[in-house]
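Student: I would like a close look at one part of this model. Please take me through it step by step.

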Amino acid sequence: MSGTDLERGILDSLAERWAGAWMGTADFADCCTGDVSYEDPLSRVPLSGAAAVQEHAATMRTVFPDAVVQRTADALERGGLACFPWHLEGTHLGEYGPLPPTEKKLSLHGLHYVELSDGLVRRARGFFDLYEGATQLGLLPQRGGLGEAALLLLRGFGLRR
C-alpha cells in the first residue's frame, strides 16, 4: 500500500467516524481534538469542545429522530484542510426551541469543511441551505413565488422580477 493509499484510508476512516458521530453511532471525542470548534447555520454561537458538538448533534437527532446522514462522496484533503460532503434525510418529529414538530420530511445536501490536527478534526464548519430546509418543512415560502417576494419586501429588499 502506498503512502497515498494510507492517507486516503486514514481520511476515509475519519470521515466515517465524523458521520457516525452525527448519527450517534460514534463519539466526537474519537474524531475531534479536545478543543474542537464547530459552527453551522443552526448553532447560535461557535461551539467549543467535543462535548458541546456532541450535544448539538444529539439535539438534531431529537428533532429528526429517524435522520440518516450518509456520505455522498470521498472526503477531500489538502494542506491540513478537508471537506466531508453528506446528505441528510429525516422527519421533523421533535421540538426545536419554540418550533413545534411539522411532521414533514427533510432532504438536504451539505458539507463540512474541517481543519485537521494530528489526524483529528480541530475546527469544523457545516454548510447547508437553511432556506431550502425551512421551505421543505413549510416554514418559509418556496423560492420564486409571491410569498418569497412579500417576504423580501418586508425585509427591505424590494420586489424582484
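Is tryptophan 18 buried or exposed, and what is around it?

Tutor: Keep in mind that this is a predicted model. Start with the burial. Tryptophan 18 has a relative accessibility of 3%. Buried means under 20%, so tryptophan 18 counts as buried.

Now the surroundings. Leave aside the neighbours within four places in sequence. Tryptophan 18 is then in contact with Phe28, Cys31, Cys32, Tyr38, Phe84, His112, Val121 and Ala124.

Next, the core. The largest nonpolar core has 22 residues. Trp18, Phe28, Phe84 and Val121 touch the most other members. Two or more residues each come from α1 (3-23), β1 (32-39), α2 (50-63), β5, β6 and β7. Helix α1 gives the most, with 6 residues.

Turn to the rings. The whole structure holds 8 aromatic pairs. In one of them, the ring centres of tryptophan 18 and phenylalanine 28 are 5.4 Å apart. Their planes meet at 85°, so this pair is edge-to-face. The pair links distant parts of the chain, with the two residues 10 apart. Tryptophan 18 sits in helix α1, while phenylalanine 28 sits in the loop between α1 and β1.

For contrast, take the pair of tyrosine 113 and phenylalanine 127. This pair is edge-to-face too, at 5.7 Å centre to centre and 70° between the planes. Tyrosine 113 is in strand β6 and phenylalanine 127 is in strand β7, 14 residues apart. Tyrosine 113 has a relative accessible area of 46%, so it counts as partly exposed. Phenylalanine 127, at 37%, is also partly exposed.

Finish with two loop residues. Glutamate 103 is not a glycine, yet its phi is positive, about 60°. Its place is the loop between β5 (81-91) and β6 (105-117). Glutamate 103 is exposed, at 62% relative accessibility. Aspartate 118 also has a positive phi, near 55°. It lies in the loop between β6 and β7 (120-128). At a relative accessible area of 80%, aspartate 118 is exposed.

Key: Residues numbered from 1 in each chain as written. Predicted model: local features only at pLDDT ≥ 70, side-chain atom pairs only at ≥ 80, totals over all residues. Heavy atoms only, no water. Helix = DSSP H or I, 4+ residues; strand = E, 2+ residues; numbered from the N terminus. Buried < 20%, exposed > 50% of the residue type's maximum accessible area, 1.4 Å probe, protein only. Core = buried A, V, L, I, M, F, W, Y, C linked by side-chain atoms within 4.5 Å. Contact = heavy atoms within 4.5 Å. Phe/Tyr/Trp six-rings, centres within 6.5 Å; stacked < 30°, edge-to-face > 60°.
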